[in-house]
Amino acid sequence: MPSVLPGALVAELFILGLMYGLLYGVLAMGLTIVFGVMKVVNVAHGDFVIIGSYLSYWAFVLAGINPILSLLLTIPFGFLLGALTYLGLIRRVQNSPELMSLFLTFGISTLIGGLLLFFYSPTQRAVPVALGSIEYGSLSIPVNISIAAAYAIAVAIALRFFFYRTYWGKAVRAVIDNRTSAILVGINPDMVSLMSFGIGIAIASSVGSIVMLLQSISPLSGPDFTLISFVIVVLGGLGNPPGALVGGVVLGVVESLSSLYVNAAMTPAIGFIIMVIVLILRPQGIMGSRG
Amino acid sequence: MLKGYLLVHKKNFVRDVVPWVGALVVLAFAPYFVSASLRSFLLFLLMWIALSQSFNIFTGLTGYVNFGFVAFYGLGGYGMTMTLLSLNIPIYAAMVIGGVISSLFAFAISWPTLRLRGAYFAIAMLSLAQALFVIFDNWNFVNSATGYTIPVKYYDPVLQYYYMLAVAAVTVLCLYVIMNSRLGLALKAIKQNEETAVSIGINATFYKAVAFGISAFFAGLAGGAATWTITIIDPPSAFDTTITLTAISMSMLGGLGTIAGPIIGAVILYSIEHYFGLTLPYLHLIVFGIIIIVVVLLIPQGIMGEIISRMKKSRRQEVGEEG
């Protein structure tokens, strides 16, 4: 638990904020990739996180698999789920007005929440893993959030490799940059969309597994994660993956340090205020480009 | 001169007005010949008509999705309750004040939020509603998580019915007036292509703010009337995102941007919720989710929207054959 020295407390809060920021930033990367490729805002993003969480929860309860190991399950499952959702539903609103994809994913979000509530009831679920903390001099950092941050960094590195060293990754970047031109050079936009949505949901579900190390969840927790992802994406600029990571860290640190002055429950309000301020000053986000 | 400002083109008075007046008369006399439970059903149906229509006034006419819609409902409810309990004024006055507070809030946030494009705006409004919930939950001035209870002396189920009927009627009437006014024309242009509308001199920010404020006012009125009927208000019930969800589902199913649409959507969905939702919990979430998905994929304009589209298409074909 945090130490008493004020300097150490601030440093701890900063580091905690940084680590949470990395995790949520990576989650937001999934959302922003989907938007960049398909211009679809996935309102159900957080609900897919919860699906991953439940998968890990049941893996633990039924088979004793710890959440980190369950990543081997949730990542492929997430990708598959994303691909299927894209093929069945999202593909049809890609070329419709933005309004329609907002409503569609809103409907999906509602449906997921309703199904989870129906099958698993609103009880909070948690995986009882007590990992303790590591001491760094006068700072005390919990192990679980360190693992989460390490995972986030691993995902970020993997994505970087994917985007810059593989054909499909470059294809995704091309489509985000200019869809028409990408088609002109022979890239299959449908396949790129499929992969992007699959990756986005795979990221979301895997973050859901990691989340089980940090907190309890319920079927209604989805929108909280969606909201955090949205705020970050807005900060970083829609369709800008590195921006999402930066935005995540900024939000994480600001929210964490603000807990020194404000009741911790008020964090959504702080997120909103930050978002509005950024949007007023730079409507394209911190790292977005104009237009 | 006012008439010229309000009416863009002449309508057939009998065809357009009589059915609505007829329905209003039937609903006005309903408490005399229906059971208490049916009257209660009608009361909440009227509430959802009012809510989905006020949602329609902004989202249906401008195309901006207000995912934070419940904020207006909640603010109206709190406004009504707090002024009623502290100032001892007639209830209708408290309701109007609640509506005014809600629309003042809408005007206040309209500058930072309405300049945002579609997706950004939707996200901002969603997080606004969340922020309001969290703020009210921790704010002593509004009694934090405890909320308020309206004392028994104010309870009057028949009068509550008439107030809700009045709110619904006025909301629908206002929507009709707006749609046939220059404001409505400007909003239509903005909805089709905002950049073009601005380039021909339409002050988009102003017109959007007006629609936003009006939508908030009626949502606030409905919120006040609902709170009076339910007698309790607290942050989770006042800022419940399910309310936004339901208003969206009803408007979409019936047809955003039409007058009859949200009413039809409200009738269908509230009847389903009332008669089937009580048996299996959370089923209505699943049903609403599926309905929204199906509507978006198959009948994106909603029931009324599709009907109107087909009527226009067949009229065009008729004219084509003649000319």
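Start with two helices of chain A. The axes of α5(A) and helix α6 (residues 167–177) come within 5 Å, and they cross at roughly 80°. Angles from 65 to 115 degrees count as roughly perpendicular. The two helices α5(A) and α6(A) are therefore roughly perpendicular to each other. Which residues make this contact? On the α5(A) side they are A:F162, A:F163, A:Y164 and A:R165. They meet A:G169, A:K170, A:V172 and A:R173 in α6(A). The residues of this contact divide into four nonpolar, one polar and three charged. Keep in mind that this is a predicted model.

Now stay with α5(A) and bring in another partner. Helix α5 of chain A covers residues 143–165, and helix α1 of chain A covers residues 6–38. Their packing angle is about 40°, and their axes are 8 Å apart. That makes α1(A) oblique to α5(A). The crossing of α1(A) past α5(A) is left-handed. From α1(A), the residues in this contact are A:L16, A:M19, A:Y20, A:L22, A:L23, A:G25, A:V26 and A:M29. From α5(A), they are A:I145, A:S146, A:A148, A:A149, A:A152, A:I153, A:V155, A:A156 and A:L159. What kinds of residue are these? The contact of α1(A) with α5(A) holds 15 nonpolar residues, two polar and no charged.

A third pair comes next. Two packed helices are described by the angle between their axes and the distance between the axes. Helix α2 (residues 45–63) and helix α3 (residues 67–88), both of chain A, pack at about 135°. Their axes are 9 Å apart. Angles count as roughly antiparallel when they are over 145 degrees. The pair α2(A) and α3(A) is therefore oblique. Here α2(A) passes α3(A) in a right-handed crossing. On the α2(A) side, A:F48, A:G52, A:L55, A:S56, A:A59 and A:F60 take part. They meet A:P67, A:S70, A:L73, A:T74, A:F77 and A:G78 in α3(A). Seven of the residues in this contact are nonpolar, five are polar and none is charged.

Look now at a single residue. A:V43 sits in the loop between α1 and α2 of chain A. Is A:V43 buried or exposed? It has 29 C-beta neighbours inside 10 Å, so A:V43 counts as buried. The cut-off for a buried residue is 20 or more. What does A:V43 touch, leaving aside its neighbours within four places in sequence? Its contacts are A:L102, A:T105, A:F106, A:S109 and A:T226. Take A:A269 as another reference point. A:V43 and A:A269 are 226 residues apart in sequence. In space, they are 19 Å apart, C-alpha to C-alpha.

Step back to the whole of chain A. How many helices and strands does chain A have? It has 11 helices and two strands. Along the sequence, these elements follow the pattern α-α-α-α-β-β-α-α-α-α-α-α-α. The radius of gyration of chain A is 19 Å, close to the 19 Å that the globule rule gives for 291 residues, so chain A is as compact as a globular protein of that length. Its C-alpha trace spans about 60 × 45 × 35 Å along the principal axes. Of the 291 residues in chain A, 54% are buried. Consider contacts in chain A between residues at least 6 apart in sequence. Of these, 79% join residues at least 24 apart.

Chain B comes next. It has 15 helices and two strands. The radius of gyration of chain B is 20 Å, close to the 20 Å from the globule rule for 323 residues, so chain B is as compact as a globular protein of that length. The C-alpha atoms of chain B fill a box of roughly 70 × 50 × 45 Å, taken along the principal axes. Buried residues make up 47% of the 323 residues in chain B.

Finally, see where the chains meet. In all, 34 residues of chain B are in contact with 37 residues of chain A. Which elements give two or more residues to the chain B side? They are α6 (118–137), α12 (241–254) and α14 (283–298) of chain B. The largest share, 14 residues, comes from α6(B). The chain B side divides into 26 nonpolar residues, seven polar and one charged.

Notes: Residues numbered from 1 in each chain as written. Chains lettered and ligands numbered in written order. Predicted model: local features only at pLDDT ≥ 70, side-chain atom pairs only at ≥ 80, totals over all residues. Axes fitted to C-alpha atoms, helices over the stretch in contact; angles between N-to-C directions. Helix = DSSP H or I, 4+ residues; strand = E, 2+ residues; numbered from the N terminus. Parallel < 35°, antiparallel > 145°, perpendicular 65-115°, else oblique. Left-handed = near helix turned anticlockwise from the far one by under 90°. Contact = placed C-beta atoms within 7 Å. Nonpolar A, V, L, I, M, F, W, Y, C, P; charged D, E, K, R; others polar. Rg over C-alpha atoms; globule rule 2.2 N^0.38 Å. Buried ≥ 20, exposed ≤ 12 C-beta atoms within 10 Å, placed from the backbone.
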